Number of protein chains: 2
Amino acid sequence: MPDDQTGKTVTDRTLQATDSTPVVQRPYADALSRLKQVGLRPTRQRMALAKLLFDGGDQHITAENLHGMARKAAVKVSLATVYNTLHQFTDSGLLREVVVGPGRSYFDTNTHDHHHFYVEPAGELVDIPVDSVELSRLPTPPDGTVMDRVDVIIRVTRP
Amino acid sequence: MPDDQTGKTVTDRTLQATDSTPVVQRPYADALSRLKQVGLRPTRQRMALAKLLFDGGDQHITAENLHGMARKAAVKVSLATVYNTLHQFTDSGLLREVVVGPGRSYFDTNTHDHHHFYVEPAGELVDIPVDSVELSRLPTPPDGTVMDRVDVIIRVTRP
DNA sequence: TCAACAGTTTAAAACAATTCTAAACTGGAA
DNA sequence: TTCCAGTTTAGAATTGTTTTAAACTGTTGA
Ligand SMILES: [Mn+2]
Ligand SMILES: [Mn+2]
Ligand SMILES: [Zn+2]
Ligand SMILES: [Zn+2]
């Protein structure tokens, strides 16, 4: 049986994640299972990016930002691949894209229904728990269209 | 007394707007008064752009779009000035900027409190009257920040 | 086991939207 | 009129993203 990069098998790490640091564990298994889930080949680059994205808590990240994280983690991946991957992940529901400004788009690892504060001029996104916004009464979409999703962005500043 | 382009004075047209085509009238006076209101010099370019923007009903327009309208109307103005002007108008409250996608930003002549449908992939913005969305319960902004405005964008598609 | 091929990655160029620069111009005060 | 701060402009630069076409690699099935 051929080794992967670490020499550890997937199932090993999956089954032993019982105690300590509960938030992040089984990074390899998690990344792999996510890719399998959506039918994307687990290539070296996608695995590495998936780990960077999904290990640890939710994050709001830009393409450049993720590319920088990859460099720091000594993962060799081109910016084009970072963009490809982010879009593939978004299209398959692993990520959500949040647009806050012209030429400023974040990818959100939290795909649950929730909204955002956008802190200017810092350019920082902060989650709003879904139950702290109540959106009663929504309008009927224009004829011939169907509602895809509702984005609420609350722009805030530091005075 | 020197004529303006049309040979009509401002006050003339202001006072006679009583009947017919009620939506658009006194274009010159309107543009001028808006500029005065916010303390921007009524230059040839700003006046022309103000007319294009504020004559007629509310519109959602891009910079390129407005530049194109200016060309058609035989107004000589550079794209840089169009951008400058749109931002000055936005900063002084004459316009509102609506960001719908990375690298896609619209300027809205309707500055009242209202929301938007964004029709994809056409890239078309449609107003939602404010009273057809009810946003009960808003969250408290993060510490040290103050709420600037709430944007609701409902993304819809034609299936 | 390995050839074959579809899927993937990549450097580099291209692109689109926007901003910057530095020089020319102009509205309006004095 | 003169003068100057404010304005406009062509063109270059920047930013974020997409495209291209060639090289590479995971997976499959002989
Ligand atoms: Mn996208
Ligand atoms: Mn702007
Ligand atoms: Zn989020
Ligand atoms: Zn609008």
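In the predicted model, helices H4(B) and H5(B) are oblique to each other. The angle between helix H4 (residues 63-72) of chain B and helix H5 (residues 79-91) of chain B is about 120 degrees, and their axes are 9 Å apart. An oblique label follows because angles of 65 to 115 degrees count as roughly perpendicular and angles over 145 as roughly antiparallel. The crossing of H4(B) past H5(B) is right-handed. On the H4(B) side, the contact is made by B:Ala63, B:Glu64, B:Leu66 and B:His67, and on the H5(B) side by B:Leu79, B:Val82, B:Tyr83 and B:Leu86. By class, the residues of this contact comprise 6 nonpolar, 1 polar and 1 charged.

Helix H5(B) also takes part in the surroundings of DNA strand C. At least two residues of the surface near DNA strand C come from each of three helices: H3 (44-54) of chain A, H5 (79-91) of chain A and H5 of chain B. The most is given by H5(B), with 4 residues. In this surface, 6 residues are nonpolar, 8 are polar and 5 are charged.

A polar side-chain atom of A:Arg46 lies 2.2 Å from a phosphate oxygen. For A:Thr81, an N or O atom in the side chain is 2.8 Å from a phosphate oxygen. In the case of A:Ser78, a polar backbone atom is 2.9 Å from a phosphate oxygen.

Some features of the backbone were also examined. Most residues other than glycine have a negative phi, and most peptide bonds are trans. In chain A, A:Ala74 has a positive phi of about 60 degrees, although it is not a glycine. A:Ala74 lies in the loop between helix H4 (63-72) and H5 of chain A. The peptide bond from A:Glu120 to A:Pro121 is cis, with omega near 0 degrees. A:Pro121 is found in the loop that runs between strand E4 (115-120) and strand E5 (124-128) of chain A. In chain B, the bond from B:Glu120 to B:Pro121 is cis, with omega near 0 degrees, and B:Pro121 is located in the loop between strands E4 (115-120) and E5 (124-128) of chain B.

Technical notes
Residues are numbered from 1 along each chain as its sequence is written. Chains are lettered from A and ligands numbered from 1 in the order in which they are written. This is a predicted model: local features need pLDDT of at least 70, side-chain atom pairs count only at pLDDT 80 or more; totals for chains, interfaces and linings use all residues. Side-chain values use heavy atoms; hydrogens and water are left out. Axes are lines fitted to C-alpha atoms, for helices over the stretch in contact, and angles run from 0 to 180 degrees between N-to-C directions. Angles under 35 degrees count as roughly parallel, over 145 as roughly antiparallel, 65 to 115 as roughly perpendicular and the rest as oblique. A crossing is left-handed if the near helix is turned anticlockwise from the far one by less than a right angle, and right-handed if clockwise. Contact means heavy atoms within 4.5 Å. Ala, Val, Leu, Ile, Met, Phe, Trp, Tyr, Cys and Pro count as nonpolar, Asp, Glu, Lys and Arg as charged, and the others, Gly among them, as polar. A polar contact is a pair of N or O atoms within 3.5 Å; within protein, one must be able to donate a hydrogen and the other to accept it, and residues adjacent in sequence count only if both atoms are side-chain atoms.
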